[in-house]
There are 2 protein chains.
Amino acid sequence: MHSEREGDHFNSVASDPGRVGNLKIMVRDERSVTPQSEDFSAWYNDVVFRAELVDRGPVRGSMVIRPYGYRIWELLQADLDRRIKATGHQNAYFPLLIPQSYMQREAEHVEGFAPELFTVTHAGGKELEEPLVVRPTSETIIGEMMAKWISSHRDLPLLLNQWANVLRWEMRPRMFLRTSEFLWQEGHTAHADAADATAETMLALGFYQDLAVEVAALASVPGEKTPGERFAGAERTFTIEAMMRDGRALQSGTSHFMGTNFAKAFGITYTSENGTAELCHTTSWGMSTRMVGGLIMTHGDDKGLVLPPALAPYQVVIVPIGRAEQAEATLAAAAELAGRLERSGIRTHVDARPQLSPGFKFNDWEMRGVPLRLELGPRDLAAGTALMSRRISYPRADAAKEAIPLDAAPDLLSAELAAFQAMLARRAADFRDEHTATVSTWPQFADAVATGWALAFHCGDQACEDDIKAETTATPRCVPLAGEPEQGKCVRCGKPSAYGKRVIFARAY
Amino acid sequence: MHSEREGDHFNSVASDPGRVGNLKIMVRDERSVTPQSEDFSAWYNDVVFRAELVDRGPVRGSMVIRPYGYRIWELLQADLDRRIKATGHQNAYFPLLIPQSYMQREAEHVEGFAPELFTVTHAGGKELEEPLVVRPTSETIIGEMMAKWISSHRDLPLLLNQWANVLRWEMRPRMFLRTSEFLWQEGHTAHADAADATAETMLALGFYQDLAVEVAALASVPGEKTPGERFAGAERTFTIEAMMRDGRALQSGTSHFMGTNFAKAFGITYTSENGTAELCHTTSWGMSTRMVGGLIMTHGDDKGLVLPPALAPYQVVIVPIGRAEQAEATLAAAAELAGRLERSGIRTHVDARPQLSPGFKFNDWEMRGVPLRLELGPRDLAAGTALMSRRISYPRADAAKEAIPLDAAPDLLSAELAAFQAMLARRAADFRDEHTATVSTWPQFADAVATGWALAFHCGDQACEDDIKAETTATPRCVPLAGEPEQGKCVRCGKPSAYGKRVIFARAY
């Protein structure tokens, strides 16, 4: 049970409906969401605000992450942090404010980030001699420190990670997906040679793909970015791209091989075993609060959020039913059951709000995406059972409630949660596969990217990419790592394919 | 064992000494620290840099927290986060940048923070219409959101916490203690009445006192700040003050009762059960990376850091000894032992650096404050034992190594670590008690604050406080919560005491 203390913050949404008494129908409509089929973008906004994941901050483009949304992020963090540490990386913390001159040392890097920077010009009531930029990413300041810390081959590899906030000016903010400030981790590593740095780049990409599939149940595809989509200053950029329920792609984690670009710019060198001075090869890789947006758009439906159990703040919500003395008995039974579920590691909440009807509560927790709901009324109690409902089922839609024996509830519900997690991942993968088309002609291409992804050959010319984008708004998302090499003609211009494989094109967030 | 992977970052310090071969004595001297008795401040700086807890950032007053230092912070965080969540608080995240006008809404608050603010004036290449301040603390932006989220008494209490970076311009930075950016948590809560908000204020103070004593083994005293030392905008400020080994006090956590000051400034109101509109009572409370500085100055000695086991990145370090084939055998035995220790929850590291002598390693891990060291040589191995050394012992100084049986090592070392933790807490409390004097006369007072704390009556006048500070640099740290009421004459001016108890005066960080 989440908390015995009165006034659990998650409850605060319900205070208005509670006050309007017999106007519940109207209130329920007010809290319903725009159907996805009608306006996916409006659906998304309805869900993130009404499920109390976020709120708008006072500054344009800023986001407040509310407790229910932040808990999802904490669960993602904990899982990824474990993977990062288990492979020998160590967390550290670097300053938020970076001398403006640092950003300028790597030519492509400054060009990429200049339009997005927030700049501090005053501190302690005085104008600063050199303006400071609020980090949009930390390659430069970490590069400066690496140069100081690394001297011998024995210092390599240097494997660092940071959990931090970063700021990038956004004209068209979208909660979780594009906000002026977001939370992320950024791994930064230095290596003796290109092979070791490349292996690291792929290791980090693997963290993200595993996190996305195993934990967030996303339908993501790991691949390499085409040159036009690379990180500013990287030699190679790898990505995981996930399909959202409107057929768009969401870049959900990236890993960059920098070669010696940043090592040259910041003087990150080491003395080899032979005594020669050598440049390091560096990498960086990041996953952010964006992934929360990704799981909303992968699993949600017209009733609201659907959360994978691994990331659900509450995996099971118990709604006790009954009035007067019956209420007391069912509430006590709910608390006892919640205690047993918590002890077997199931995050459980009892919705004891006296002012709200069971029907209102059912809708509320459906909106918030809780995987399993248990109803516990006097008749259930007498029978030693509770009525279980799954938030969704797949492939067969099966909305039936199921009576489960109270004494076996912890084991039964653990198994149900594992099945729910697997079901969501399978549903997402099926959806992606159904909405991905291998295409050879331009009309096929245009059709495919209108509702999903196109796998197509591309010539690699920037002008041709720009042309495709102008016509369809689709961009090359990645060259998938999986699959055999294949050659063919560019789906747009007919020139020979540049990447030795088909490229995923899609409209993207 | 921390990591099997080569190039463990903690090793990087040793690369220079490794290269100089037979110049080890010189190198060891270079790495030794200034004695505390000679210059405590120089000792502190030597320790934080040489133990690789931190490095200086490129911007004046900024700090890089290196992996060994950051791990201590993570362990503190994890423990406090557990306490915060167990009492019904929820984590959330609020924007870094706050409209300048927000800071100005509460008169005392803006006055208190104005000289310390960093200001963002440009973003996306343009000058902003309204400058944004980088949060020095988040009362204002959280107050604004609370006003939006709270409407009914059912929404109360609202119990929020945030883990974040905050920035306050520092002219005279000191690593961990005063830096322009630091990491902290800030709790922010809203309540229906003063009694509930007061109870919350004391609950949070209890988190800090328990964390300080049970985890960081600090000798801290909970008490109330005198009016001149209150947080800007608070009605009452509570603190825990810990004694450092130079006799100074370090404020190590504060908890503020705001009354309705911020509720008035931001319109945080609710409708009561009777339907009347009421102002909320709010609190805020914070603990920061400062506490890491506190534990360094509480436990460290002339050999370097001494870490409480609860916060030690490595609780046990194993140094395998032997050359050639023997090295292989002891290294394998060390790895096996480390595996068993890790499985019983002991954070263990094997120092396998081939280029360094055992003596160098012993000094290195003493500098880094590891509680227990195990030496494992061929003769130990043959006897089925390892040689254990404690970083310090108390009250009897007992530097003798002790042979412990390898097969019982996990249980034995768990018990040793618990004893070490308790010993550090007892040593700190003894030191504090020996350096705290109850004084009645001014000469006694001046003597006491030259080397420790004075418990004295004070009139409560600001002019008298200023006078004491000018003469001795001592300030009122707190009115301790413990102890019976007592009346007397001001130790400086002879007027009647204002606080109904003796006040702790000390020089402070």
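Buried residues make up 52% of the 509 residues in chain A; a residue is buried if 20 or more other C-beta atoms, placed from the backbone, lie within 10 Å of its own. This is a predicted model, in which local features need pLDDT of at least 70, side-chain atom pairs count only at pLDDT 80 or more, and totals for chains, interfaces and linings use all residues. Residues are numbered from 1 along each chain as its sequence is written, and chains are lettered from A in the order in which they are written.

**Fold of chain A**

- Chain A contains 16 helices and 23 strands, these being DSSP runs (helices H or I, at least four residues; strands E, at least two) numbered from the N terminus.
- The radius of gyration of chain A, taken over C-alpha atoms, is 25 Å, close to the 23 Å of the globule rule for 509 residues, so chain A is as compact as a globular protein of that length. The rule is 2.2 Å times the number of residues to the power 0.38.
- The C-alpha trace of chain A spans about 80 × 60 × 45 Å along its principal axes.
- Of the contacts in chain A between residues at least 6 apart in sequence, 68% join residues at least 24 apart; a contact requires C-beta atoms, placed from the backbone, within 7 Å.

**Contact between chains A and B**

- Chain A contributes 61 residues to the contact, and chain B contributes 61 residues.
- On the side of chain A that touches chain B, the largest share, six residues, comes from strand 5 (residues 118-123) of chain A.

**Strand pairing across the chains**

- Strand 5 of chain A and strand 5 (residues 118-123) of chain B run antiparallel and are joined by five bridges; pairing requires at least two DSSP bridges.
- T119(A) has H122(B), in strand 5 of chain B, as its bridge partner.

Key:
Two residues are in contact if their C-beta atoms, placed from the backbone, lie within 7 Å. A residue is buried if 20 or more other C-beta atoms lie within 10 Å of its own, exposed if 12 or fewer, and partly exposed in between; C-beta atoms are placed from the backbone.
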